[in-house]
Amino acid sequence: MTSQQLRAAMERHGDTVYRLALCRLQNIADAEDVYQDVFLRLLGQNCEHWDDEHTKAWLIRTTVNRCADVGRLRIRRSAVPLERLTELPAPPRSQAAALWAAVGSLPPKFRTVVHLHYAEGYSTEEIAAMLHIPSATVRTRLHRGREKLKRILGGDEDV
Amino acid sequence: MYDYKEAVSHIHVPQRLNRQVLAACESVPGKAPRRAFFRAAVCTACALALVLGSVTLRSPEGQPTAVTSDYHLGITALAADLTENHTLFFPIEDGAIRFRASAQSLTASQGTLSQEGDIYTLSPTVGQAPESLDGTALTLSAGEQTEVYFLTAENARAFVNESGREVLAPVLSGDEQGAAPVLYAATSESRFLSWPVAGSNTVSLSNSYGTRQTPQGGVFHSGIDIPAQRGVEITAAESGTVTQVGWNDTLGFYVTLDHGGGLTTLYGQCQEILAGEGNAVEAGDVIALLGSTGMSTGPHLHFEVRENGEVQNPVAYFSADIRDTLRAK
């Protein structure tokens, strides 16, 4: 892959990788570390014949794996609030911030599945294929993640 | 949850980050940056404890087996039952882990495995820290039987238990002082306890498990304290039978469960016990409400784990995924 192609990949899929890493790691420095790692690894891939979806799936899988490596041994830092990540002016987007914090408080494996389903729009089968885990596992994690979110966010909101 | 997608859509990669990646790839094409692994400072006493460490395993017959510096891993230890619950801790010595295994064939999915008699040494790839063995699958076969253990890297410390014996157990984030990285092995069938207080992820640091020195001498706390609001539901950590519902002035209202195989759990300082003696419960069933009865300075669950009557460190009985969500405070 040429650096020109890498630039294009980062433009198309950079936000996807960055948001997933931030959600999973809840730490900007770690997420940036993973971001660089993932795209530099992409450089080393023989991806001449990959289409857009394949590239994106590879990036997502690699991001999840690298987050798992980093996440386990770090001192767990407090969650990173949404306001630190966006450049939106006040007033604080309290509902958005509450959602981000709620997902960030889920156990890491639930977080991943919930984020990929809601932020990226992947179905449980697509997530299962991307992460090489059984569909039933994805469905369970999604279901339990939703249940926990309902409890955290309160109310009967249909999540 | 369509709002979540909207919320997240406002997060963008800083351009500086993309420039860094492009700069890196232009200078050294294809090379990924090396990541530093966390290493905690290890005090001499703890280092010694880790080297000599003894680990209490839970066998299917309920016999606790104290293992000293020979960490036993193998088909003979499992007997014929492949659905084992063993969690074995390996301290990292000289950058590698050592264990005894009796198997006809043993392979590791990463790292370098060497063997001398029935003692195996597993070293990480040259240049990598031992913690990089995290996720390694160890496959043991003997005749028709095969078992796969997965290694997890975590920070652990030696805890002094009631009988004065030192036992390795993982530490929670917030309580890492004196801990060192270890690798532990569990099978995909290993059963772990469920967390008994949903929604509450803190474990008291000032009154943690184990022996603590005070001016009056050593004080042993036989469980962990999980602070939460009065009235919060306490759930069974495992399925089993309710063996005792009672009250005393230390524990307040308490309930004990028998999970079979010599494993029992105790839930103390409760406001109210909802389960009755003799009831059969499933993991996750509500058995009590949290309170501050007995000798307690604030509402919390006092949670104990015992193997054949011997007090254990409860933290070791939860999976790494659950420990990842907990904090000592």
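**Entry 1: a buried tyrosine**

I began with A:Tyr35, which is buried at a relative accessible area of 0%. Buried here means under 20% relative accessible area, exposed means over 50%, and partly exposed is in between, with a 1.4 Å probe and protein chains only. I noted that this is a predicted model, where local features need pLDDT of at least 70, side-chain atom pairs count only at pLDDT 80 or more, and totals for chains, interfaces and linings use all residues. Residues are numbered from 1 along each chain as its sequence is written, chains are lettered from A and ligands numbered from 1 in the order in which they are written, and side-chain values use heavy atoms, leaving out hydrogens and water.

**Entry 2: ring pairs**

How many aromatic pairs does the structure hold over all chains? I found seven. Rings of Phe, Tyr and Trp (its six-membered ring) pair if their centres lie within 6.5 Å; planes under 30 degrees apart are stacked, over 60 edge-to-face, and the rest tilted. A:Tyr18 and A:Tyr35 are an edge-to-face pair, because their planes stand at 85 degrees, with the ring centres 6.1 Å apart. A:Tyr18 sits in helix 1 of chain A and A:Tyr35 in helix 2 of chain A, so the pair ties together parts 17 residues apart in sequence. A:Tyr18 is buried too, at 4% relative accessibility.

I then turned to B:Tyr209 and B:Phe220, an edge-to-face pair with 5.7 Å centre to centre and 75 degrees between the planes. B:Tyr209 lies in the loop between strand 12 (202-203) and strand 13 (210-214) of chain B, and B:Phe220 in strand 14 (residues 217-221) of chain B, so this pair ties together parts eleven residues apart in sequence. B:Tyr209 is buried at 6%, while B:Phe220 is partly exposed at 24%.

**Entry 3: chain A overall**

I counted seven helices and zero strands in chain A. Helices (H or I, at least four residues) and strands (E, at least two) are DSSP runs, numbered from the N terminus. Chain A has 159 residues, and 50% of them count as buried. Chain A exposes about 7600 Å², with 47% of it supplied by carbon and sulfur atoms; the areas come from the Shrake-Rupley method with a 1.4 Å probe, and for residues only the protein chains shown count as cover.

**Entry 4: two loop residues**

Next I looked up phi values. A:Gln26 has a positive phi near 55 degrees, though it is not glycine. A:Gln26 lies in the loop between helix 1 (3-25) and helix 2 (28-43) of chain A. Is A:Gln26 buried or exposed? I have A:Gln26 down as buried, at 6% relative accessibility.

A:His132 also isn't a glycine, and its phi is positive at about 60 degrees. A:His132 lies in the loop between helix 6 (124-131) and helix 7 (135-153) of chain A, and is exposed at 61%.

**Entry 5: strand 19 of chain B**

Strand 19 (residues 263-273) of chain B is largely enclosed by the rest of the structure, because eight of its eleven residues are buried. Which strands pair with strand 19 of chain B? Strand 18 (residues 252-258) of chain B pairs antiparallel with it over five bridges; a pair needs at least two DSSP bridges. B:Leu257 stands opposite B:Thr265. Strands 18 and 19 of chain B form a hairpin with four residues between them, and B:Gly260 in the turn has a positive phi of about 85 degrees.

Strand 22 (residues 300-307) of chain B is antiparallel to strand 19 of chain B over six bridges, with B:Phe303 as the bridge partner of B:Tyr267. Strand 21 (residues 286-290) of chain B runs antiparallel to strand 19 of chain B, joined by three bridges; there B:Leu289 is the bridge partner of B:Glu272. I also found B:Tyr267 and B:Phe303 in a cluster linked by ring pairs, together with B:Trp195 and B:Phe318.
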